[in-house]
Amino acid sequence: MIVCSCNVISDHDVRNAVNAADDLPRSPKQVYDCLGCSAECGRCARTIKTIIDDALGACAKSCGAGCPHSAAAAEPDVHAEFALAAS
Ligand code: FES
């Protein structure tokens with residue numbers, strides 16, 4: 001379904017942009033940038049933001065330890081190592 005008539009962007013295009021980007025786009029402007037366009041009338045911004053949030057799932061609220069998109073996920077879990085050492 002086309003969600004941005006000015007740039008002819010579909011919901012599929014938005015999901016692909018979110019899933020394919022190394023640096024997760026979290027705003028409609030970042031999605032426009034990923035897709036090589038820019039906002040024209042802006043009527044689609046709210047819809048695109050909803051699709052971004054759906055595509056990111058829990059990451060849309062905040063990335064925490066264990067999230068593959070979080071920088072913290074690349075670091076060792078200090079708390080788990082401490083718990084193992086204490087037991
Ligand atoms: S509908 Fe997307 S910028 Fe106009």
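**Cut-offs behind the labels**

From the N terminus on, the elements of this predicted protein model run β-β-α-α-α-α. Local features need pLDDT of at least 70 and side-chain atom pairs count only at pLDDT 80 or more, while totals for chains, interfaces and linings use all residues. Residues are numbered from 1 along each chain as its sequence is written, and side-chain values use heavy atoms, without hydrogens and water.

Q: What makes a stretch count as one of the four helices or two strands?
A: Both are DSSP runs, numbered from the N terminus: a helix is H or I over at least four residues, a strand is E over at least two. By that rule the protein has four helices and two strands.

Q: Why is E40 called exposed?
A: Its relative accessible area is 56%. Exposed means over 50%, buried under 20%, and partly exposed in between, with a 1.4 Å probe and protein chains only, so E40 is exposed. E40 lies in the loop between helix 2 and helix 3.

Q: What does E40 contact, leaving aside its neighbours within four places in sequence?
A: Contact means heavy atoms within 4.5 Å, and E40 is in contact with C6 and N7.

Q: What makes the 15 residues a nonpolar core?
A: The term covers buried Ala, Val, Leu, Ile, Met, Phe, Trp, Tyr and Cys residues joined through side-chain atoms within 4.5 Å. The largest such set here has 15 residues, and those with the most contacts inside it include V3, I9 and Y32. Helix 3 gives the largest share, four residues.
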